[in-house]
Amino acid sequence: MNNELTVTAQHRNRTKEHLKTALIQLIKKKGFHGVSVKDIVDQAGYNRSTFYLHYQDKYILAEELLSMTLEGLRGAVGKPYWHGQKVSTNKLDAESFQIVDYIYEHRDFFELIQYDDTLPGLHTGFPQTILKIYQEQFVFETINNSPVNMDYFKYYTAYGFFGLLNNWILSGYRESREAFIKNVIELTKTHIHSFHYVGETFDA
């Protein structure tokens, strides 16, 4: 019985992933508002009844796609660290930025940021997720402990990092992952001395 449930869950998840992939592909071709449920099922190789087993409409599909991918982004940030760990920015390396790996691995999704008629909520949800990561998962120490309004500091730093990520995506990932991270680390060292990771600890 458990095996049957597992197979059924796997089949359901696979179907939903195919529908999400189809939606991403179609947004790039037609824009979100130009996509119909028929387009999605034709692209994914299913019928309409299969779609409606999982989603009420394309907006529910889009909402789940956005929320799950951005939640994965938040999880990727904490993978290199354990709760309470203090890290000097002088010790940062490529493994410290698994968020960059996550974005590249899900580049088909994140490329949607370059379209005007794109996934609803992406243009605001992506930078806001970066800000929440800074607000909820890190406690920063400035260079020479310079006193600053930390709310402003996190907002400034988070949106600066988002700007760099956005530019990297829009460039078609022209700069290698290693070169991009190296430049981010060098910039980080100019205003952050160290940080405490206060988010969840994730299994590797």
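The secondary structure of the protein, a predicted model, comprises 9 helices and 3 strands. Helices (H or I, at least four residues) and strands (E, at least two) are DSSP runs, numbered from the N terminus. Along the sequence the pattern reads α-α-α-α-β-α-α-α-β-α-α-β. The C-alpha trace spans about 60 × 45 × 30 Å along its principal axes.

Residues are numbered from 1 along each chain as its sequence is written. Local features need pLDDT of at least 70, side-chain atom pairs count only at pLDDT 80 or more, totals for chains, interfaces and linings use all residues, and side-chain values use heavy atoms, with hydrogens and water left out.

Two packed helices are described by the angle between their axes and the distance between the axes. Axes here are lines fitted to C-alpha atoms, for helices over the stretch in contact, and angles run from 0 to 180 degrees between N-to-C directions. Helix H4 (residues 58–78) packs against helix H5 (residues 98–105) at about 150°, with the axes 7 Å apart. H4 is therefore roughly antiparallel to H5 (angles over 145 degrees; under 35 is roughly parallel, 65 to 115 roughly perpendicular, the rest oblique). Contact means heavy atoms within 4.5 Å. On H4, the contact is made by Met68, Thr69, Gly72, Leu73, Ala76 and Val77; on H5, by Gln98, Ile99, Tyr102 and Ile103. These residues divide into 7 nonpolar, 3 polar and no charged.

H4 also packs against helix H7 (residues 122–137), at about 30° and with the axes 10 Å apart. H4 is thus roughly parallel to H7. The H4 side of this contact includes Leu70, Leu73 and Arg74, and the H7 side includes Phe126, Ile130 and Glu136. The residues of this contact comprise 8 nonpolar, 4 polar and 3 charged.

Buried means under 20% relative accessible area, exposed over 50%, partly exposed in between (1.4 Å probe, protein chains only). Of the 204 residues, 43% count as buried. In H5 the buried residues are Ile99, Val100, Asp101, Tyr102 and Ile103. Their cover includes H4, H7 and helix H8 (150–170).

The largest nonpolar core has 58 residues. Such a core is a set of buried Ala, Val, Leu, Ile, Met, Phe, Trp, Tyr and Cys residues joined through side-chain atoms within 4.5 Å. Leu23, Ile99, Phe110, Leu119, Phe126 and Ile130 touch the most other members. H4 gives the most to this core, with 8 residues. Beyond its neighbours within four places in sequence, Phe126 contacts Leu70, Leu73, Ile103, Phe110, Ile113, Gly121, Phe162 and Ile169.

Notes:
Nonpolar A, V, L, I, M, F, W, Y, C, P; charged D, E, K, R; others polar.
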